[in-house]
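Please look through the sequence and the model shown here before reading on. The report that follows takes up the overall fold, then the sheet, and then some individual places.

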Amino acid sequence: MRGFRRQAQLTQEELAERAGVSVRTIRNLEGDRLNTPRLSSVRALAEGLGLKAEERRRFEVLAGLDVEARHAAASTTGGSIPVPLSPLVGRDAEVSRLVEVVFGGTTRLITLTGLAGIGKTRLALAVAKAAAARRGRRTWWVPLSGVVESKYVLDAVAGALGVSEVTVEAIGIRLRGEPALLVVDNLEHLDGVGGVLTDLLRRVPEVTALVTSRAPIGLPDEQAWPVRPLAVPADHEGGVEELTGVSSVELLVDRIRRATPAFDLNLGTAAVV
């Protein structure tokens, strides 16, 4: 609750006014002093917070569960990992290598680096999905794009894990016991995040962190993984068949067809592609 409110940059009073509930109710929820909030209040608060569909669903589920069930609901095995609207192109081999690194245990902090728009988040999503599909690896997705200050990073992690107490100790207790993968997306706009990750990794040896950032974080034992552009064709002199096997062409044609379904890659369009 507190994490969602801070992401929305609202005070308790402002949220109470938006949602039409009392400030006392919000304080009780954030202090875990109200174990069975009314469904109408929960939905009003979700509306006031401006939660999206998936966030709203999780918010409503977590509000009505006991501690053990809440932990089970927050332990994502694919359900809370965002589902992209389009397939990942040209990264299959890279996904396989990253999954082996995550499961190999030789490093516990992998940072996908690269320019904005290069595909770091899509690659991280694919690795998260593959890791979640394997037995014995709990996987959580922690998006930071809506976090405006580094002091709220811990709130975002606690919210993703379903932990009400926003402390490294409480998060560490939640993560202990079995191997876990924490996928943290969009670190580049926040300072001081490294300290939070270092503390978590030091306290909980079962955790591996996969993060995305435009540049390496600069932490000890970090493995930077540069995300390269897709392969592009050489100067085109061959036939259409030679182009269809190039990943960047496959991606471009897919995107063109989403806007213009009748588009055809043929001798007339090959040179321009």
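## Terms and basis

A residue is called buried when its relative accessible area is under 20%, exposed when that area is over 50%, and partly exposed in between, with a 1.4 Å probe and protein chains only. Helices (H or I, at least four residues) and strands (E, at least two) are DSSP runs, numbered from the N terminus.

This is a predicted model, in which local features need pLDDT of at least 70 and side-chain atom pairs count only at pLDDT 80 or more, while totals for chains, interfaces and linings use all residues. Residues are numbered from 1 along each chain as its sequence is written, and side-chain values use heavy atoms, with hydrogens and water left out.

## The chain as a whole

The chain contains 13 helices and five strands, and of its 273 residues 44% are buried. Where contact means heavy atoms within 4.5 Å, residues 24 or more positions apart account for 69% of the contacts in the chain with a separation of 6 or more.

## The sheet

Two strands are said to pair if DSSP finds at least two bridges between them. The five strands form an open sheet in the order E2-E3-E4-E1-E5, with parallel pairing. Strand E2 (138–143) and strand E5 (223–226) stand at the edges and have a single partner strand each, so one side of each lacks a neighbour in the sheet. Direction ignored, neighbouring strands are turned by 20 degrees against each other on average; axes here are lines fitted to C-alpha atoms, for helices over the stretch in contact, and angles run from 0 to 180 degrees between N-to-C directions.

E1 and E5, which run parallel, are joined by four bridges, and Thr113 stands opposite Pro226 in E5.

## Strands enclosed on both faces

In a regular strand the side chains alternate between the two faces of the sheet. In E3, Ala180, Leu182 and Val184 lie on one side and Leu181, Val183 and Asp185 on the other, and all of these are buried, leaving both faces covered. Since six of the six residues of E3 are buried, this strand is largely enclosed by the rest of the structure.

E1 is mostly covered as well, with five of its five residues buried. Leu109, Thr111 and Thr113 point one way from E1, whereas Ile110 and Leu112 point the other way, and all are buried.

## Helix H10

Six of the eight residues of H10 are buried, so this helix is largely enclosed by the rest of the structure. The buried residues are Val168, Ala170, Ile171, Gly172, Arg174 and Leu175. Just after H10, Gly177 takes a positive phi of about 115 degrees.

## Two single residues

Arg5 is found in helix H1 (residues 2–7) and is buried, with a relative accessible area of 9%. Leaving aside its neighbours within four places in sequence, Arg5 is in contact with Leu10, Thr11, Gln12, Leu15, Glu30 and Leu49.

Ala116, in the loop between E1 and H8, is by contrast exposed, with a relative accessible area of 53%. Ala116 and Ser213 are 97 residues apart in sequence, and their C-alpha atoms are 8.9 Å apart in space.

## The second largest pocket

On a 1 Å grid over the protein atoms alone, a pocket is an open set of points where a 1.4 Å probe fits, with protein on both sides within 12 Å along at least five of seven lines, and its lining residues have an atom within 4 Å of a point. The second largest pocket is lined by 20 residues, and Gly117, Ile118, Gly119, Lys120 and Arg122 lie nearest its centre. Helix H8 (120–133) and helix H13 (247–259) each supply at least two residues of this lining, and H8 gives the most, with three residues.
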